[in-house]
Amino acid sequence: MDEKNLKQGLLGLVVALVEVIQDLVERQAIRRIEGGSLDEDEIERLGKALIDLDEAIEKIKEDNDLEDVVNSVMGSLDDVAEDLLNKFLNPESWAEEVDEK
Amino acid sequence: MNEAMKEGRYIYSVVSSAVESELGDVGIGESRVYLVPCGEIAAVVHSCVAEPYVTKDEEKAKEWVLEHSYVIDLATDRFGTLIPFSFGVIFIGDDDSVRFWLEENYDLLKEELEKVRGRSEYTVQIFCDEDLIKEKIVTSDPELLKLRDEIEKMPKGTAYIYQKKLGLKVKEELIKETNRLAGEFGVYIEELVDEVKIEKKVSWIPDKYKGMMMIAAFLCLVSDGNVDALGNLLDGIDKREGFSVRFSGPWAPFSFVQLKGT
């Protein structure tokens, strides 16, 4: 891997993690609104801040050609999460896997 | 032969055949492929040094795997459905070692060959147009429809958050709906096949299906007599609006033979 690839991979990883956090923040914002603890102005301000964050992330991705790297990191994270969930939901398959080894 | 040059036998498959015969110089690196019989079954092998096939050259590796598959296809044509081996399995020893292994596991191998006789493995992958299903979900739910209309009138920031909320709800419903569909298709498919498994890791899909959402991937062991009926069923699904089916095979039954315990 040359230096440019390394930089791109690392930046892609960072951006992917920021996107994960972005998703959590957005879900939390929805929960707050549903909980009724924000007034209309606060909701609008929060929404605009989230738009700014989203635009900033998109710009970094565009400027550094990161779309593919980020997608691939997200895909791998999905696989890891999927595997983990399956093991929680279905402990027998876990036991089988251990037996096979 | 010194320690580093132990004799070995590269194995392609186990077939139903009671007689010695040859497939010719069709193996990996044009090796001479022949049968080592034991009772009514035989191993399809070539003679080699007992060292793994390893290369850093990707083209070479591809070539080996293709040659491996070619021998499996050829043996299937000649002896019927067989027990295929993955690329790279080598016995340490000579024909007698292979014969000894066949003898030791004779009942199990015979049983597996019986199970796959007159059958082949097929893969079935069902894809759908995600946007189309999402649109159906929204238009069939008055609450979601109302939310979507309201979002259009909201100020920018507020609309952004509610759009996310709508997106999350739709996604949740999408997962429920695709799981329901996968289950429904699975039940139809199950009626026409001898055995079905869920393909957990789909490693490659053709470009044609990229951008579509895969809702189900099955590996099916199908009797030769049922292949047309399965094809017709899948054609029916393929013709539904927003759905696309990839049906491929016949393959050697890699997913349905059990070599555990051998």
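Predicted model: local features only at pLDDT ≥ 70, side-chain atom pairs only at ≥ 80, totals over all residues.
**A tour of chains A and B**

Begin with Val187(B): at 47% relative accessibility, this residue counts as partly exposed. The scale is relative accessible area with a 1.4 Å probe and protein chains only: buried is under 20%, exposed over 50%, partly exposed in between. Val187(B) sits in helix 6 of chain B. Helices here are DSSP runs of H or I with at least four residues, strands are runs of E with at least two, and both are numbered from the N terminus.

Residues are numbered from 1 along each chain as its sequence is written, chains are lettered from A and ligands numbered from 1 in the order in which they are written, and side-chain values use heavy atoms, with hydrogens and water left out.

**Chain A**

Select chain A. It has four helices and zero strands. Of its 101 residues, 22% count as buried. Contact means heavy atoms within 4.5 Å. Among contacts in chain A with a separation of 6 or more, 74% join residues 24 or more positions apart.

Go to Asp65(A), in the loop between helix 2 and helix 3 (67-89) of chain A. Its phi is near 55°, a positive value in a residue other than glycine. Asp65(A) is exposed, with a relative accessible area of 60%.

**Where chain A meets helix 6 of chain B**

Show helix 2 (residues 40-63) of chain A with helix 6 (residues 156-192) of chain B. Their axes come within 7 Å and cross at roughly 75°. That makes the two helices roughly perpendicular. Axes are lines fitted to C-alpha atoms, for helices over the stretch in contact, and angles run from 0 to 180 degrees between N-to-C directions. Under 35 degrees is roughly parallel, over 145 roughly antiparallel, 65 to 115 roughly perpendicular, and the rest oblique. Residues in this contact include Ile43(A), Leu46(A) and Leu50(A) from helix 2 of chain A, and Tyr160(B) and Ile161(B) from helix 6 of chain B.

Next, helix 1 (residues 3-35) of chain A. Its axis comes within 10 Å of that of helix 6 of chain B, and the two cross at roughly 100°. This pair is also roughly perpendicular. Among the residues that meet are Ala29(A), Ile30(A) and Ile33(A) on one side, and Tyr160(B), Ile161(B) and Leu168(B) on the other.

**Chain B**

Select Ser223(B), in strand 9 (residues 213-223) of chain B. Ser223(B) is buried, at 16% relative accessible area. Beyond its neighbours within four places in sequence, Ser223(B) contacts Gly118(B), Arg119(B) and Asp194(B).

Move to Glu30(B), in the loop between strand 2 (22-24) and strand 3 (33-38) of chain B. Glu30(B) is not a glycine, yet has a positive phi of about 60°. At 65% relative accessibility, Glu30(B) counts as exposed.

Last stop: Pro250(B), in strand 10 of chain B. The peptide bond from Gly249(B) to Pro250(B) is cis, with omega near 0°. Most residues other than glycine have a negative phi, and most peptide bonds are trans.
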